Amino acid sequence: MDEITGDWDRERTEQFLDEQTIPVRLATHTPAGGLWMLSLWYRYRDGALECATGANAKVVGYLRENAGVAFEISTNDVPYRGVRGAGTADIAPDEDKTVLRDLVERYLGDTDSKLARQLLSPEREEVRIRIDVGRAYTWDFSGRMGGK
């Protein structure tokens with residue numbers, strides 16, 4: 001994460017990203033010049049957001065055409081707080097499903113559910129999307145909305 005502005009310093013921002021299991025809302029460009037937004041599970045590692053998705057997902061093609069992204073990770077309940085920003089995405093194979101397995105455990109708690117087994121199926125080809133965050137803005141309305 002290169003530049004952080006807003007209510008939190010780097011340490012508090014990284015703590016929020018580590019603690020939250022809210023999907024990242026990711027915006028990208030389509031090859032036709034339109035915009036595309038989707039939600040993905042993420043983990044925060046070494047200043048970057050990492051996601052996993054199927055190798056044939058539309059977003060993979062879009063990011064290969066234009067790696068620029070915008071993102072937001074924010075709470076849905078009062079008091080509203082979160083991180084939004086922009087960066088560059090890099091696509092790489094997740095051959096051993098290392099990233100995906102970590103995300104399944106982070107969001108589902110374990111790999112024993114039907115959904116987890118479907119996602120981790122050997123037949124599925126997965127990729128890792130790494131978002132190198134160029135700039136981020138944080139907000140925390142706890143002071144005016146109550147809460148933490």
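Let me start with a term: a residue counts as buried when its relative accessible area is under 20%, and as exposed when that area is over 50%, with partly exposed in between. Tyr 62 has a relative accessible area of 14%, so Tyr 62 is buried. Please keep in mind that this is a predicted model.

I will stay with Tyr 62, as it belongs to an aromatic pair. Its partner is Trp 36; the two ring centres are 5.6 Å apart and the planes stand at 75 degrees, so this pair is edge-to-face.

How many aromatic pairs does the structure hold? There are three. Another of them joins Trp 8 and Phe 16, with ring centres 5.0 Å apart and planes at 45 degrees, so that pair is tilted. Both Trp 8 and Phe 16 are buried.

Trp 8 has a further neighbour. Arg 12 lies over the face of the Trp 8 ring, at 4.6 Å from the ring centre.

Next, the largest pocket. Its volume is about 150 Å³. Which elements each supply at least two residues of its lining? They are strand S3, residues 35-40, strand S5, residues 48-54, and helix H3, residues 98-108. S5 gives the largest share, three residues. On the slide you can find the lining residues, among them Ser 39, Leu 40, Trp 41, Ala 52, Thr 53, Gly 54, Leu 100 and Leu 103. Pro 23, Leu 119, Arg 124 and Glu 126 also line the pocket. Sorted by class, the lining has seven nonpolar residues, three polar ones and two charged ones.

Now the loops, in chain order. Thr 30 is in the loop between strand S2, residues 24-29, and S3. Is Thr 30 buried or exposed? Its relative accessibility is 15%, so Thr 30 counts as buried. A polar atom of the Thr 30 side chain lies 2.9 Å from the backbone nitrogen of Gly 34.

Most residues other than glycine have a negative phi, and most peptide bonds are trans.

Asp 46 has a positive phi, near 50 degrees, and is not a glycine. This residue is in the loop between strand S4, residues 43-45, and S5. Asp 46 has a relative accessible area of 75%, so Asp 46 is exposed.

The loop between strand S6, residues 68-74, and strand S7, residues 81-93, holds Pro 79. What kind of peptide bond joins Val 78 and Pro 79? The bond is cis, with omega at about 0 degrees.

Lys 97 also has a positive phi, about 55 degrees, without being a glycine. Its place is in the loop between S7 and H3. With a relative accessibility of 8%, Lys 97 counts as buried, whereas Asp 46 is exposed.

That is where I will stop.

Key. Residues numbered from 1 in each chain as written. Predicted model: local features only at pLDDT ≥ 70, side-chain atom pairs only at ≥ 80, totals over all residues. Heavy atoms only, no water. 1 Å grid on protein atoms, 1.4 Å probe; cavity = no way out; pocket = protein on both sides within 12 Å on 5 of 7 lines; lining within 4 Å. Points joined across faces, edges and corners; volume = space filled by probe spheres on them. Helix = DSSP H or I, 4+ residues; strand = E, 2+ residues; numbered from the N terminus. Nonpolar A, V, L, I, M, F, W, Y, C, P; charged D, E, K, R; others polar. Phe/Tyr/Trp six-rings, centres within 6.5 Å; stacked < 30°, edge-to-face > 60°. Buried < 20%, exposed > 50% of the residue type's maximum accessible area, 1.4 Å probe, protein only. Lys NZ or Arg CZ within 6 Å of the ring centre and 35° of its normal. Polar contact = N/O pair within 3.5 Å; in protein donor to acceptor, adjacent residues only side chain to side chain.
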